[in-house]
Amino acid sequence: MANRARPLNLGPLALAAVLLALVAGPLVAVAAGAGRLVLAPQDWAAVRFTLLQATLSALISVGLAVPVARALARRRFAGRQALITLMGAPFLLPAMVAVLGLLAVFGRSGILNDLLSGLGLPPVSIYGLYGVLLAHVFLNLPLAVRMILQGWQAIPAERFRLAASLGFSPAQVARHLERPMLRAVLPGAGLVIFVICLTSFAVVLTLGGGPAATTVELAIYQAVRFDFDLGRAALLALVQLGLCAVAAGLVFALARQVGFGAGLDRSIVIAGPGGWRRWADGAAIAAAALFLLVPLGAVVLRGVPGLAEAPDVVFSAALRSVLVAIVSAAMTVAVALMLADAVAQRARGFPFLEAAAVLPLATSGLVLGTGLFLIVQPVISPLAVAVPVTVLVNTALALPYVYRLVLPDAQTVAGDYGRLSDSLGVQGWARWRWVVLPRLARPVGFGAGVAAALSMGDLGVITLFAGGDQGTLPLVVQQLTGAYRMDAAAGAALLLVGLSFGLFWLCDWGGRRASA
């Protein structure tokens, strides 16, 4: 990598300026439209419930993830790698599909209530705080497991070998190796899940929604769609922005490295203790697998026959969602590539470019949607720009993830080939064609798949802008669920899952093939 700053061409600078305008413009509109900064009692109740459900969701997810991650770290069994891979799926799983799966198991006519009815016991309700927590734990427990498991894998193998040679008991290994790692990893993992739950919308829209189970995001939606109180919506969006900004700042401030020093990069094979601990590890792994697989299996079993009952609007919405996802992914990858390449070359102004790439992490789709609604509503009908606005917001929200996926490889390319390209005069499109793109194909393909899957499952800004015939597939699933057409909703959800993971696999496969 060059030691001196390079001239910055106008492309990345213009993209960063547009991105900042796209994020900052709606935020300014939100701040300007907030009017009198006084929250009503029901708004304070929404703030309290938002913080309560996010805090409990993070604590429960992280607390349950620790024994599962420990069991996966120190046990070897058939299907272990497949289960670890499955732990990454809920990040790409549309929230509405998770809700449908949980309703199939815990809902009024779900598997659990059928069993309770057969035993003569009263049914349980999935709606309200308990349902919101259940859905958030379902979606975020795998993420917490993956993050904590990485902490175990970051402990050098030599530390475990030394502990074994010194005859450490399981309690001593936990005291000297595992607990220091957990003290470093758990705060960051908990805060990441807290931020995710702060901006959760689809889960609360379906399983919450009552006066006692309304979050700030849901209150924004209700203020725009039902009350058309744009001033109150702007004020709530400002509150949500403040909550997200504080939480995101805490994530960066408390991010810590596991302080065990460097090892010899040997693979870690932890000798799992026997006795009751073996049974406890097996029970933790089995419980986590059942918790993840049973709702997903219920969606498949119920969705296959439900496809025949799906109305025509499901398939038109599916086509619309695929087009939105493809365009959003293409735009996200293009912007991420240009910004990452400029930052990797340390072009003049690269801190500004990096700030523009990560800025969307401090906001949410509904906050951006509210600001854009305030901007376009006096000029043009929001229904007329529903799809373009959805594409823009999806692009902005997926950009930080794709940018972080591409940046390390872009820095490697700049360091390995930057001086050689300069000395040979390989610049412009020739440099992209022969130097950059072939070496970034794998992370670009994976990033495009992530962006497409996130866009396919998004249920946020489209709820503010879309009319009756402009909804995307997640919105149609939510509408069918609200109308208690559960079989048709399950069929639509199954189609949504297939399209989301199909787009992800296609993009990832294309990137891997191009890099071969």
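These legends go with several close-up views of one predicted model.

Residue numbers start at 1 along each chain as its sequence is written. Because this is a predicted model, local features need pLDDT of at least 70 and side-chain atom pairs count only at pLDDT 80 or more, while totals for chains, interfaces and linings use all residues, and side-chain values use heavy atoms, leaving out hydrogens and water.

View 1. Of its 516 residues, 51% count as buried, where buried means under 20% relative accessible area, exposed means over 50%, and partly exposed is in between (1.4 Å probe, protein chains only). The accessible surface comes to about 23000 Å², and carbon and sulfur atoms account for 66% of that; the areas come from the Shrake-Rupley method with a 1.4 Å probe, and for residues only the protein chains shown count as cover. Take the contacts (heavy atoms within 4.5 Å) between residues at least 6 apart in sequence: 84% of them join residues at least 24 apart.

**View 2. Arginine 232 and aspartate 43 meet in a salt bridge.** The structure holds three salt bridges, each being a side-chain nitrogen of Lys or Arg within 4 Å of a carboxyl oxygen of Asp or Glu. In this one, the N to O distance is 2.7 Å. Arginine 232 sits in helix 11 (residues 230–254) and aspartate 43 in helix 2 (residues 41–74), so the pair links distant parts of the chain, 189 residues apart. Both arginine 232 and aspartate 43 are buried.

**View 3. Aspartate 487 pairs up with arginine 302.** Here the salt bridge is 3.1 Å, N to O. It ties together parts that are 185 residues apart in sequence, because aspartate 487 lies in helix 20 (residues 486–515) and arginine 302 in helix 12 (residues 276–306). Aspartate 487 is partly exposed, at 34% relative accessible area, and arginine 302 is partly exposed too, at 26%.

**View 4. Within helix 20, aspartate 508 and arginine 512 form a salt bridge.** Their closest N and O atoms are 3.4 Å apart. The two are four residues apart, so about one helical turn separates them. Aspartate 508 is buried, with a relative accessible area of 15%, whereas arginine 512 is partly exposed at 31%.

**View 5. Serine 200 sits in the loop between helix 8 (170–198) and helix 9 (202–207).** With a relative accessible area of 12%, serine 200 counts as buried. Setting aside neighbours within four places in sequence, serine 200 is in contact with His136, Thr215 and Glu217.

**View 6. Helix 13 covers residues 312–344.** After helix 13 comes arginine 346, with a positive phi near 55°.

**View 7. Cysteine 197 and cysteine 244 are both buried.** Relative accessibility is 1% for cysteine 197 and 0% for cysteine 244. Counting cysteine sulfur pairs within 2.5 Å as disulfides, the total is zero.

**View 8. Over residues 260–265, pLDDT stays under 50.** pLDDT is the predictor's confidence in each residue, from 0 to 100. The protein chain averages 80, and 85% of the residues score at least 70. For residues 260–265, the model has 14 contacts beyond four places in sequence.

Conventions
Expected span 1.5 Å × (residues − 1).
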